[in-house]
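Work through the exercises below with the coordinates open. Each task is followed by a solution in steps.

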Amino acid sequence: MRTESGPAAVVVVGDEIVDIANAVPGLPGTLVGILELGEVGLGVIADAIASGAARSALDPSTLMSPIPRPPKFWAIGMNYAEHVRETGKPFPEFPTVFAKMPNTVTGPYADVERPAVSDRLDFECELGVVIGKRCRHVSRENAHRVIAGFTVVNDYSVRDFQMRGGQWVLGKSFDGHGVIGPWLVTPDEVDPHRLPIRTIVNGEVRQSSTTENLIFDCYRLIEELSSAATLEVGDVIATGTPGGVGVMENRFLVPGDVVRVEIDGIGHLENRIVQEGASVEWIEDSATAAV
């Protein structure tokens, strides 16, 4: 969350927050830093919560992304049965994997820009998986052991940029188009494959499904990704979106729209769409920036 002294890692307990740095002096001040301590760090945090120290009222407006700069931001396409059907494409034999860049990450209630270079901004509600242990070649059976928790993701997509050039990464990597939050829910609190998920735009439900409809579940995705790359603490996997995305009806987001993504048992995101200013070339001079 944002504080006067900068970002701080907190634990949400009901309608209160526990400031970890104040409750447990000496622990890292970021969630990723705490996760890197493993079971020891999590145990100390549990003791701090039980003590009742360093508590204050929760102010949702101060919440930031729990993982503001993930080492890797993986994303999965075509992973809900109804979404595959609406595209008319065959069901995938293997996960469709792409990436969003770290510059996309923004907080759960931040404004999201419709870019100056496109009017084809779209939404995608997704379950996010956050990796809690460095790992490689993880079997599906052991995948649950490397998950730190689950969060909500809105994979905003600029569809014309996504579809040109034979790749998806550029259209998925505009600044601020990867909303993550509002917090991380630990695996003991939810079954990731039985969670209702929906997108609501200006009060209208546009997507509604359940993670039971994932073609490749969270554990299968970890198995696939870790077969190719070492997964690191703080990596985020956006597991795919259900049917109902705007591009299928040629209904794109416009400034003033309010987009809410909900996953029962985890939380919600809510972003107002604003227009980016005119596209103006700028280049930062490193010498000037260092002064």
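The exercises cover aromatic pairs, the surroundings of a serine, and a hairpin.

The model is predicted, so local features need pLDDT of at least 70 and side-chain atom pairs count only at pLDDT 80 or more, while totals for chains, interfaces and linings use all residues. Residues are numbered from 1 along each chain as its sequence is written, and side-chain values use heavy atoms, with hydrogens and water left out.

**Exercise 1.** Find the aromatic pairs and classify their geometry.

Step 1. Rings of Phe, Tyr and Trp (its six-membered ring) pair if their centres lie within 6.5 Å; planes under 30 degrees apart are stacked, over 60 edge-to-face, and the rest tilted. This rule gives two aromatic pairs.

Step 2. For F98 and W168 the ring centres are 5.2 Å apart and the planes stand at 70°, so this pair is edge-to-face. F98 belongs to strand β7 (residues 96-100) and W168 to the loop between α5 (159-163) and β14 (178-185), so the pair ties together parts 70 residues apart in sequence. Helices (H or I, at least four residues) and strands (E, at least two) are DSSP runs numbered from the N terminus.

Step 3. Buried means under 20% relative accessible area, exposed over 50%, and partly exposed in between (1.4 Å probe, protein chains only). F98 is buried at 8%, and W168 is partly exposed at 23%.

Step 4. The rings of F161 and F174 have centres 5.1 Å apart and planes at 90°, so this pair is edge-to-face. It links F161 in helix α5 with F174 in the loop between α5 and β14, 13 residues apart. F161 is buried at 11%, as is F174 at 15%.

**Exercise 2.** Describe the surroundings of S118.

Step 1. S118 lies in the loop between β9 (112-114) and β10 (121-122). With a relative accessibility of 7%, S118 counts as buried.

Step 2. A polar contact is a pair of N or O atoms within 3.5 Å; within protein, one must be able to donate a hydrogen and the other to accept it, and residues adjacent in sequence count only if both atoms are side-chain atoms. The S118 side chain makes such a contact with the side chain of D160 (2.7 Å) and reaches the backbone nitrogen of R120 at 3.1 Å.

Step 3. Leaving out residues up to four places away in sequence, S118 touches V158, D160 and F161; contact means heavy atoms within 4.5 Å.

**Exercise 3.** Characterise the hairpin of β3 and β4.

Step 1. Two strands pair if DSSP finds at least two bridges between them. Strands β3 (residues 10-13) and β4 (residues 16-19) pair in the antiparallel sense over four bridges.

Step 2. V10 stands opposite D19 in β4. The hairpin has two residues between the strands, and G14 takes a positive phi near 65°.
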